[in-house]
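The tour goes from aromatic side chains to a sheet and then to a pair of helices.

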Amino acid sequence: MTASKASIPNYRGRNYLARNREFFRDPLHFAVDKYPDFGDFFRSHLLLRNIFFVSRPEGIKQVLQTQQKHYRKSPAYDQLKLALGNGLVTSEGDFWRQQRRLAQPAFYKTQLEAIYRMMQEVTEKYLDDFAQRQERQTTFNIAEEMMKVTADIVLASLFHARLEEGGDTYDKLYRTVHDTQEYILYCVHHPHLIPWTYLNGQRRQFFRDLRVFDDIVYRMIEERERSDQPPPDLLTMLIQARDADTGQGMTARQLRDEAITIFAAGHETSANALSWTLYLLVEHPAILARLREEVDAVLGDRTPTMADLRELTYTKQVIEEGMRHYPPAWALGREALQDTEILGERIPRKSIVFMNVYALHHHPEYWEAPQRFDPDRFAPERVKQRSRWQYLPFGAGPRMCIGNHFALMEMQLLLALLVRRYDFQLVSDRPVAMQPLITLKPKGGIWMRAKKRQPQPLPNTP
């Protein structure tokens, strides 16, 4: 490869320490704020590394697709391996490719029909519970509510056999994964304090929590492998998956890693996307009214079937525009495995490429009035007119999120039923702010009042 001369801007700030403070104080807007002076492709030196910031579609495509074999996940993902093991989010190379081939069929739309029925059941149970609480509770943290229901949906989809047994097993699974994620987040954001966790007991507690999850999941795997009629859930589909060339399936450890990865990655992104979308709808009543018109016309008083989801086109557009404004996976990081290039710029080995999806989704050259909430941007005819690399809520390239269809089904189902049944109002003394952790969360939650919506006349009735 012929190395090119450095040509992109180099952001130095006041000094090295000031640059680092600026980045960690607000990593979400670091690239956005630099755009007027440094553009959408620049470099800086942070954390003793060369970091290249790119929010240009062609550059991101080179990293995630055309040159993806020259990169690995950034070192931040190494902390995730403590909990997720070698699941699809953290694994690399040939092992990842084999796992992807084995897991992919479980997420085909045709396979998701049985899973969708579980989604319906969990959603109806959640709404019944919410209705009872709404009668005696004045305000709700919508972010927390969405986290609960999406966790229940993913747990039921993974481990259907436990759905009928009551909540104790589910509670243990949810609590242990939540606690392990908290520890991982702490390590990612405070790497210099990791040694302290060995002394104060946090690390020991982390592994104790992880053993609880492992014991439950390994027992479920054994039960399914012994059963003549295992339940039609994602875990069973993964157990039955076989490599087309070798006929081999996943080991128990691989199944465990994929199960915890699906749960940890699967519910939090959907929960955040739904929370932000509901927030945007409350702030834009005309769009909410149009959404409800579609929901009432398509569903009446029914729970949506999978066929109904295809008719809820504006509902899907609202969700897609919500994820443009607040992308759950707000940034993607890669480490160069060798000297390579992006847009003609030399990227030395070991450099980090930081792809700010939030900056891309708010780029004024690719989105007209990017701060405006406009679901019509995702009308089919307008989607065809733009590069698919402008919009990356689920990533892109070979490592695009395997559960994107699952997530969209889940979000359409929940959003349609929530806006049909309830009016929401923001609590004025609870400001809403973004918190860019591994996913883009609302800091302190999104607090709303919920009021049962008056029944609407069905379409074509007086």
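Begin by selecting Tyr 11, Phe 23, Phe 24, Phe 30, Phe 38, Phe 42, Phe 53, Trp 330 and Phe 354, which form one aromatic cluster; rings of Phe, Tyr and Trp (its six-membered ring) pair if their centres lie within 6.5 Å, with planes under 30 degrees apart counted as stacked, over 60 as edge-to-face and the rest as tilted. The model is a predicted one, so local features need pLDDT of at least 70 and side-chain atom pairs count only at pLDDT 80 or more, while totals for chains, interfaces and linings use all residues. Residues are numbered from 1 along each chain as its sequence is written, and side-chain values use heavy atoms, with hydrogens and water left out.

By the ring rule, the count comes to 24 aromatic pairs. One of them joins Phe 23 and Phe 30 edge-to-face, at 5.3 Å centre to centre and with 85° between the planes. Phe 23 is buried, with a relative accessible area of 9%, and Phe 30 is buried as well, at 2% (buried means under 20% relative accessible area, exposed over 50%, partly exposed in between, with a 1.4 Å probe and protein chains only).

Next, select the open sheet of three strands, ordered β5-β13-β10 with antiparallel pairing; strands (E, at least two residues) and helices (H or I, at least four) are DSSP runs numbered from the N terminus, and two strands pair if DSSP finds at least two bridges between them. β5 (139-141) and β10 (422-426) stand at the edges, each with a single partner strand, so one side of each has no neighbour in the sheet. Between β10 and β13 (residues 447-452), the antiparallel pairing runs over five bridges, and Asp 423 stands opposite Lys 451 in β13.

Now show helix α12 (residues 252-283), which packs on the sheet, touching β10 and β13, with its direction at about 85° to that of β10; contact means heavy atoms within 4.5 Å, and axes are lines fitted to C-alpha atoms, for helices over the stretch in contact, with angles from 0 to 180 degrees between N-to-C directions.
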